[in-house]
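Here is a short report on how parts of one protein chain pack together. Please keep the structure in view while you read.

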Amino acid sequence: MRTDLFINNEWRPAASGKRFPVENPATEELLADVALGDAADVDSAALAARACFESDGWRGLSARKRGRLLTKAADLLESRLDEFARLETAHNGKTLFESKIELTMTVNTMRYYGGWADKITGDTLPVDGPFLCYTLREPVGVVGAIVPWNFPLNIASWKFAPALAAGCTIVLKPASETPLTALAVADVLLEAGFPPGAFNVVPGGGSTAGAALVRHPDIDKISFTGSTEVGRQVMRMAAESNKRVTLELGGKSPNVIFADADIPAAVKGAQTGIFYGKGEVCAAGSRLLIEEQVHDQVVEQLAAGAKKLTPGDPLDKNTRLGALVSRKQQETVLSYIKKGVEEGASIVAGGKAVQPNGKGYYVEATVFDGVTPEMTIAREEIFGPVLAVLTFKDFDEGVKLANRSMYGLAAGIWTRDIQKAHRAARAIRAGTVWINSYNVYDSGAPFGGFKASGFGRDLGRDALDGYLETKTVWVGL
């Protein structure tokens with residue numbers, strides 16, 4: 001298990017010599033002591049990334065060869081998928097079932113962008129006058145990527161894979177709770193043959209290593225996934241040096257069930273929308289909006305299903321609800337549950353902390369009914385297995401309620417009427433809308449938010465735009 005910083009293809013301790021503990025949230029046991037990076041280490045990594053970016057060894061590497069390196073790294077990661085999945089589960093608390101799904105997507109993302117590397121092109125423009133005018137698409141430079149603890153390696157790949165494919169170099173700062181798979185994947189890229197400085201990993205605190213990365217003069221672009229509050233801080237800091245920024249932030253996503261929906265399928269989708277990943281998902285369908293004619297039926301089935309979703313050992317292949325990432329996060333989730341009760345909502349399932357094996361930071365799958373739009377649990381992102389059920393009377397009220405949020409990351413729509421589905425998809429302001437499904441992702445489909453959920457896109461062809469500059473060239477004839 002790698003626990004030092006990865007800078008310039010070298011494993012090294014933090015300049016300060018400091019280290020920090022990484023805990024298994026399911027057992028409360030110490031997993032590792034990891035080097036604690038700070039501004040000095042970020043400086044070393046940024047300078048290494050800059051030197052690589054400007055070197056003949058990187059600039060002279062053809063796009064096709066970069067693509068081959070990413071594809072080779074994907075193959076190497078796939079050969080170690082079970083090992084990485086167990087490590088992801090160990091420091092995040094999510095089930096092994098989920099970790100394997102997410103590691104498979106990580107492999108696919110690396111392969112997808114490996115295929116894009118030699119397909120980034122400019123245009124020839126029909127301008128007035130005796131000129132040849134064309135555009136070049138060039139890498140933005142050195143990228144600082146800051147990623148959260150909920151999908152530690154998967155979201156990291158959403159950033160480093162397109163950045164490397166575009167010809168950028170990168171400094172990755174993983175979350176303090178979950179740095180181990182980011183460090184482990186550095187070994188994979190090293191084995192694949194990426195040159196020194198192309199990929200660097202500096203674990204550390206957000207207010208120290210993260211802030212230093214955003215402010216560093218050799219970082220040209222920041223790609224951040226995290227809370228809306230911290231995203232705003234990142235924007236303010238990046239503005240000091242006019243850094244390019246893309247932000248994928250929080251959500252309070254509506255999952256809308258119309259009366260004409262396939263109810264069993266909708267209930268299953270509602271459960272997946274909020275309880276997958278313990279609800280520690282930025283796009284979680286944490287607001288369930290039910291048309292009043294089917295409200296009682298849906299809530300009854302949903303409560304019954306939630307009660308069967310028993311928290312347990314994340315390494316057990318049959319477990320579908322793991323431990324929250326930390327004691328702090330468990331306390332946050334429990335405080336929201338308490339607030340929901342105090343404000344008048346009714347718990348119809350769950351609501352308590354549990355310890356299946358006498359340890360760990362677990363919270364039951366929780367469903368609130370009787371929620372109104374003004375309640376805290378209907379407005380704020382909880383980031384846990386807590387569902388708020390609201391009711392609406394008709395299509396217009398349902399859409400209005402769906403849009404009654406400062407967030408706009410994702411939404412779900414459940415109906416058998418395809419015209420209604422498309423009308424709702426157009427009317428709801430969200431970066432991703434699922435129809436008769438939820439929590440579906442693909443490396444080729446862009447993902448990102450509207451409103452306070454951020455701007456810019458991860459995944460798909462659109463993600464490459466965040467790592468490229470457009471240069472216009474005029475040639476007099």
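In this predicted model, Leu-69, Lys-72, Ala-73, Leu-76 and Leu-77 of helix H3 meet Val-188, Leu-189, Glu-191 and Ala-192 of helix H7. By class, this contact has 7 nonpolar and 2 charged residues, and no polar ones. Helix H7 covers residues 180-192. The axes of H3 and H7 come within 8 Å and cross at roughly 130°. That angle makes H3 oblique to H7. The crossing of the two helices is right-handed.

H3 passes H5 in a left-handed crossing. On the H3 side, the contact is made by Gly-67, Leu-70, Thr-71, Ala-73, Ala-74, Asp-75, Leu-77 and Glu-78. On the H5 side, Leu-103, Thr-106, Val-107, Met-110, Arg-111, Tyr-113 and Gly-114 take part. The contact of H3 with H5 has 8 nonpolar, 4 polar and 3 charged residues.

**H4 and H6**

Another pair is helix H4 (residues 81-92) and H6. Their axes come within 9 Å and cross at roughly 115°. The two helices are therefore roughly perpendicular to each other. Phe-84, Glu-88, His-91 and Asn-92 of H4 meet Pro-152, Leu-153 and Asn-154 of H6. This contact of H4 with H6 has 3 nonpolar, 3 polar and 1 charged residues.

Two packed helices are described by the angle between their axes and the distance between the axes. The table sets out these values for the pairs above.

| Helix pair | Angle between axes | Distance between axes |
|---|---|---|
| H3 and H7 | roughly 130° | within 8 Å |
| H4 and H6 | roughly 115° | within 9 Å |

**The nonpolar cores**

Which residues touch the most other members of the largest nonpolar core? They are Tyr-113, Phe-160, Leu-189, Phe-194, Phe-199 and Leu-288. This core has 126 residues. Helix H6 (residues 152-166) gives the most to this core, with 10 residues.

Take Phe-160. Leaving aside its neighbours within four places in sequence, Phe-160 is in contact with Met-110, Leu-153, Ile-170, Val-185, Leu-189 and Phe-199. Some of these names have come up before. Met-110 is one of the H5 residues that contact H3, and Leu-189 is one of the H7 residues that meet H3.

**Ala-424**

Ala-424 lies in helix H15 (residues 418-427). Ala-424 has 1% relative accessibility, so this residue counts as buried. Not counting residues up to four places away in sequence, Ala-424 touches Phe-395 and Ile-413. Ala-424 and Ala-402 are 22 residues apart along the chain, and their C-alpha atoms are separated by 9.7 Å.

**Leu-302 and Gln-271**

Leu-302 is in helix H11 (residues 295-308). With a relative accessible area of 0%, Leu-302 is buried. What does Leu-302 touch, not counting residues up to four places away in sequence? The list is Val-267, Ala-270, Gln-271, Leu-288, Val-367, Leu-387 and Val-389. Leu-302 and Ala-266 are 36 residues apart in sequence and 9.6 Å apart in space, C-alpha to C-alpha.

Gln-271 is in helix H10 (residues 263-275). Is Gln-271 buried or exposed? Buried means under 20% relative accessible area. Gln-271 has 18%, so Gln-271 is buried. Leaving aside neighbours within four places in sequence, Gln-271 is in contact with Tyr-276, Gln-301, Leu-302, Gly-305 and Ala-306.

**Arg-50**

Arg-50 is found in helix H1 (residues 39-54). At 13% relative accessibility, Arg-50 counts as buried. Which residues does Arg-50 contact, leaving aside its neighbours within four places in sequence? They are Val-142, Asp-218 and Asp-220.

Key:
Residues numbered from 1 in each chain as written. Predicted model: local features only at pLDDT ≥ 70, side-chain atom pairs only at ≥ 80, totals over all residues. Heavy atoms only, no water. Core = buried A, V, L, I, M, F, W, Y, C linked by side-chain atoms within 4.5 Å. Buried < 20%, exposed > 50% of the residue type's maximum accessible area, 1.4 Å probe, protein only. Helix = DSSP H or I, 4+ residues; strand = E, 2+ residues; numbered from the N terminus. Contact = heavy atoms within 4.5 Å. Left-handed = near helix turned anticlockwise from the far one by under 90°. Nonpolar A, V, L, I, M, F, W, Y, C, P; charged D, E, K, R; others polar. Axes fitted to C-alpha atoms, helices over the stretch in contact; angles between N-to-C directions. Parallel < 35°, antiparallel > 145°, perpendicular 65-115°, else oblique.
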